[in-house]
Amino acid sequence: MLWVMALARATPTRVANTMTVNPIAAALLAALLIGEPITANLLAGLVAVFAGIGIATSEAKAA
């Protein structure tokens, strides 16, 4: 239901990019709830995911 609501308000590209946040949110929640370690790989993944979302959702600037 949230997916359809998001598609009604944003472009498909912006909505689809939020799907990549789900594993990151799960890893952070696992760290909080069951003490999973936050490793350098997780932090590098966070940076990569958010950089990718930023690149994909930014609009090209006119020259």
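The pLDDT is the predictor's confidence in each residue, on a scale from 0 to 100. In this predicted model, the protein chain averages a pLDDT of 82, and 94% of the residues score at least 70. Confidence is lowest in helix α2 (residues 12-17), at a mean of 78, and highest in α3, at 86. Local features require a pLDDT of at least 70 and side-chain atom pairs a pLDDT of 80 or more, whereas totals for chains, interfaces and linings use all residues. Residues are numbered from 1 along each chain as its sequence is written, and side-chain values use heavy atoms, with hydrogens and water left out.

The protein chain contains four helices and zero strands, these elements being DSSP runs numbered from the N terminus (helices H or I, at least four residues; strands E, at least two). Helix α3 (residues 21-34) has 14 residues and reaches 20 Å from its first C-alpha to its last, close to the 20 Å expected at 1.5 Å a residue, where the expected span is 1.5 Å times one less than the number of residues. Just after α3, glycine 35 adopts a positive phi of about 75 degrees.

Of the 63 residues of the protein chain, 11% count as buried, a class defined by under 20% relative accessible area, with exposed meaning over 50% and partly exposed in between (1.4 Å probe, protein chains only). Tryptophan 3, which lies in helix α1 (residues 2-9), counts as partly exposed because its relative accessibility is 38%. Along its principal axes, the C-alpha trace of the protein chain spans about 45 × 35 × 10 Å.
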